[in-house]
Amino acid sequence: MNEFAKQMRRLPILSGPKGAIRLLVVFIFAASGGVLLALLAPMTLNALFMAMSKSIGDVRGTWEFKVSTVIAIVAFALLGLIFGGFVGVRFLSGLERLRIAWDKMDIGNKVNCFVGIFAGLLISVPMLILFQALDVPGLYRVLLVIGVTLGLGALAVYALQSMEEVLPWTRAGVRHRRSGIKLLDTNVIIDGRIYDVAKTGFLAGEMYVPGFVLDELQYIADSHDALRRQRGRRGLEVLRHMQAEFEMEVRIHDKLAPDLNDGVDARLVRLAKAIGADIVTNDFNLRRVAELQDVHVMSLNDLALALRPNVLPQEKFELNIIREGNQIGQGVGYLEDGTMVVVENGKNHVGETVEIIVTQVIQTERGKMIFGEVDIDAVSGYETRPRRKPSAPRSNL
């Protein structure tokens, strides 16, 4: 009892200005449970001893007085108090969770609930009249009425929720509501970097893979082309790892974007608009189409470009020139992040690591290009710097 009281005091639903009302509700549940078990105590123990008497003899006359004693009633009443109080606390906790969920629900879903419940009551009226005409016992009739009413109300609410795209009170809200769901495209799954980005924690929220994207991955994995088959299998392997480590759903929202023979990209955009999701992709054309329809797009290519270090004109750094350029005298090298650097007068230094001076930085849609020239002073310094001869190893003898 003391531990139970401590748990009740710790509950947030029993604190604050409304704590007295909530405590009264718990007391009513506890008292109801105590009274109910106290009334059932004599009948329960009588039935128990009657069952025992069949196996060990007729002992009903000996135990009949003890069955109805005050001790048995008090014991059952205390048990009923504890159980009733526990049920009351759980009931209030459930009401609190429902209140929080109701506050977070948007206006359209609240209207769906009210309209659905009202429609369920109207639809259940003919069935209730039928139950009245049938010769059904009173208790069964009440259970049938409650079950039919609740079932039809829930069915009506579900039907309205599934049609929220066409309902006037939810259509405007669906377009602008952001659910935080990340909708994964086929190419970003095959790319594989999405798994590393998710592991770093930069891709927060629920991730969703539509069934038609999964079907496309399966089609690529079964391709006769060896390269396409390898890419498709890599995408399926990436999905397997992500589903094991992160919050991910598959296929559950596909009914909101039925197949209209308009392609995977169009279905992705329609599904993103329906559930308020963000599309994660590397497809440039899909990105443009989605942005024209007010769908937020997250591109891993843009993220990679944003994370590349900035290089400013007149800045110097060392670069390994690996090949000749397209123009006469040019050399080409690459930074660690893959950025191409075109070096004027770098042809004579192919295969060497030299210091260059940045002359121009050009940002394109595909990335960044850096133009530079060889630092003549640094190169001449390297050439005139005397080299030390390697000394002979000392003998330990």
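This report describes the surface, cores, aromatic pairs and salt bridges of the structure above.

The model is predicted: local features require pLDDT of at least 70 and side-chain atom pairs count only at pLDDT 80 or more, while totals for chains, interfaces and linings use all residues. Residues are numbered from 1 along each chain as its sequence is written, and side-chain values use heavy atoms, with hydrogens and water left out.

Helices (H or I, at least four residues) and strands (E, at least two) are DSSP runs numbered from the N terminus. Helix α2 covers residues 19-56 and contains I28. Together with L24 and F27, I28 makes a nonpolar surface patch of about 320 Å². Such patches consist of residues with over 30% relative accessible area and no salt bridge; like charges are joined within 9 Å, and nonpolar side chains (Val, Leu, Ile, Met, Phe, Trp, Tyr) within 5 Å. Accessible areas come from the Shrake-Rupley method with a 1.4 Å probe, and for residues only the protein chains shown count as cover.

Buried denotes under 20% relative accessible area, exposed over 50%, and partly exposed the range in between (1.4 Å probe, protein chains only). I28 counts as partly exposed because its relative accessibility is 46%. L37, which is also found in helix α2, is partly exposed at 23% relative accessibility. Contact is defined as heavy atoms within 4.5 Å. Apart from its neighbours within four places in sequence, L37 is in contact with F76, L79 and G80. L37 and G80 are 43 residues apart in sequence, yet their C-alpha atoms are 5.5 Å apart in space.

## Nonpolar cores

A nonpolar core is a set of buried Ala, Val, Leu, Ile, Met, Phe, Trp, Tyr and Cys residues joined through side-chain atoms within 4.5 Å. The largest of these has 38 residues, and those with the most contacts inside it are L183, L184, I189, I194, M242, L271 and I279. Helix α12 (residues 264-275) gives the most to this core, contributing six residues.

## Aromatic pairs

Rings of Phe, Tyr and Trp (its six-membered ring) pair if their centres lie within 6.5 Å; planes under 30 degrees apart count as stacked, over 60 as edge-to-face and the rest as tilted. Two aromatic pairs are counted by this rule. The F29 and F91 rings have centres 5.3 Å apart and planes at 35°, so this pair is tilted. F29 in helix α2 and F91 in helix α4 (residues 70-104) are 62 residues apart, and their pair links distant parts of the chain. F29 is partly exposed, at 28% relative accessible area, and F91 is partly exposed at 40% relative accessibility.

Y195 and F246 form an edge-to-face pair, with 6.2 Å from centre to centre and 65° between the planes. This pair too links distant parts of the chain, 51 residues apart: Y195 lies in helix α9 (residues 193-200), and F246 in the loop between α11 (226-245) and β3 (248-250). Y195 is buried because its relative accessible area is 15%.

## Salt bridges

Side chains of opposite charge can pair when their charged atoms come close. A salt bridge is here a side-chain nitrogen of Lys or Arg within 4 Å of a carboxyl oxygen of Asp or Glu. The structure holds seven salt bridges, including those in the table.

| Salt bridge | N to O distance |
|---|---|
| R240 and E237 | 2.4 Å |
| R287 and D302 | 2.6 Å |
| K316 and D375 | 3.4 Å |

R240 and E237 are separated by about one helical turn because they are three residues apart in helix α11. R240 is partly exposed at 48% relative accessible area, as is E237 at 35%.

R287 lies in helix α13 (residues 284-292) and D302 in helix α14 (residues 300-306), so their bridge ties together parts 15 residues apart in sequence. R287, E291 and D302 are linked in a network of salt bridges.

K316, in strand β6 (residues 316-324), and D375, in the loop between β10 (367-374) and α15 (376-384), are 59 residues apart, and their pair links distant parts of the chain. K316 is partly exposed at 47% relative accessibility, whereas D375 is buried, with a relative accessible area of 6%.
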